[in-house]
Amino acid sequence: MIVNDLDIDAIKTGLGDGSILLVDVREPHEFAAGHIPGSVSRPLSQFDPADLPNEPGKRIVLSCAAGVRSRRALEFAQSAGLDIDSHYAGGFKDWLMHGEPVAQD
């Protein structure tokens with residue numbers, strides 16, 4: 001499995017310039033309680049690589065609370081033959097620790 005661990009600076013840059021699409025694999029109640037602005041929810045418990053959004057020109061990066069579930073989702077995506085190799089290694093906990101803004105739905 002190929003894993004590209006991204007840090008907060010890479011995530012902020014990618015979200016800022018529109019080059020990444022951040023997919024949050026935490027459960028719906030976690031996402032609703034707070035998530036990284038611009039991220040989309042695809043819970044690991046219902047994870048289907050075929051259901052990942054496709055936005056031309058954007059690289060999909062997976063994220064969770066602390067990097068464990070996003071690695072698992074990477075395994076699923078790569079097993080399905082998708083060219084997805086990156087995740088936010090620190091996840092939402094790292095985002096909060098840095099005092100970054102949080103969106104709520």
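Student: In which strand is leucine 62 found?
Tutor: Leucine 62 is found in strand S4. Helices (H or I, at least four residues) and strands (E, at least two) are DSSP runs, numbered from the N terminus. This is a predicted model, in which local features need pLDDT of at least 70 and side-chain atom pairs count only at pLDDT 80 or more, while totals for chains, interfaces and linings use all residues. Residues are numbered from 1 along each chain as its sequence is written, and side-chain values use heavy atoms, with hydrogens and water left out.

Student: Is leucine 62 buried or exposed?
Tutor: Leucine 62 is buried, at a relative accessible area of 0%. Buried means under 20% relative accessible area, exposed over 50%, and partly exposed in between (1.4 Å probe, protein chains only).

Student: What is leucine 62 in contact with, leaving aside neighbours within four places in sequence?
Tutor: Leucine 62 is in contact with Val23, Val25, Ser70, Ala73, Leu74, Ile84, Ser86, His87 and Tyr88. Contact means heavy atoms within 4.5 Å. As for leucine 6, which is 56 residues away along the chain, its C-alpha is separated from that of leucine 62 by 9.8 Å.

Student: Turning to H3, which of its residues are buried?
Tutor: Ser70, Ala73, Leu74 and Ala77 are the buried residues of H3. They lie on the same side of H3, because they cover an arc of only 110 degrees around the axis. The arc is that of the directions from the helix axis to the C-beta atoms. In general, an α-helix has 3.6 residues a turn, so residues three or four places apart point the same way.

Student: What covers those buried residues of H3, and which exposed residues are on the face turned away?
Tutor: The cover includes strand S4 (59–63) and strand S5 (86–88). The face turned away from the buried side carries the exposed residues Val68 and Ser79.

Student: How many residues does H3 have, and what is its reach?
Tutor: H3 spans residues 68–79, which makes twelve residues, and reaches 17 Å from its first C-alpha to its last, close to the 16 Å expected. The expected span is 1.5 Å times one less than the number of residues.

Student: What follows H3?
Tutor: Glycine 81 follows H3, and its phi is positive, near 90 degrees. Alanine 80 is in the loop between H3 and S5, where it is partly exposed at a relative accessible area of 48%.

Student: Now H1: which residues are buried there?
Tutor: In H1 (residues 8–17), the buried residues are Ile8, Ile11 and Gly14. Their arc of only 135 degrees around the axis puts them on the same side of H1. Asp9, Gly16 and Asp17 are exposed on the other side of H1. Covering the buried residues of H1 are, among others, strand S1 (4–6), S2, S4, S5 and helix H4 (91–97).

Student: A change of topic: where is arginine 26?
Tutor: Arginine 26 is in the loop between strand S2 (20–24) and H2, and is buried with a relative accessible area of 4%. Arginine 26 lies over the face of phenylalanine 92, at 4.3 Å from the ring centre. A charge sits over a ring if NZ of Lys or CZ of Arg is within 6 Å of the ring centre and within 35 degrees of the ring normal.

Student: Which backbone oxygen lies 2.6 Å from a polar atom of the arginine 26 side chain?
Tutor: The backbone oxygen of glycine 34 does. A polar contact is a pair of N or O atoms within 3.5 Å; within protein, one must be able to donate a hydrogen and the other to accept it, and residues adjacent in sequence count only if both atoms are side-chain atoms.

Student: Where does histidine 35 sit?
Tutor: Histidine 35 is in the loop between helix H2 (28–33) and strand S3 (40–41), and counts as buried at 4% relative accessibility. A polar atom of the histidine 35 side chain lies 2.8 Å from the backbone oxygen of phenylalanine 31.

Student: Finally, is glutamine 104 buried or exposed?
Tutor: Glutamine 104 counts as exposed, at 60% relative accessibility, and belongs to the segment after H4. The side chain of glutamine 104 reaches the backbone oxygen of alanine 33 at 2.6 Å.
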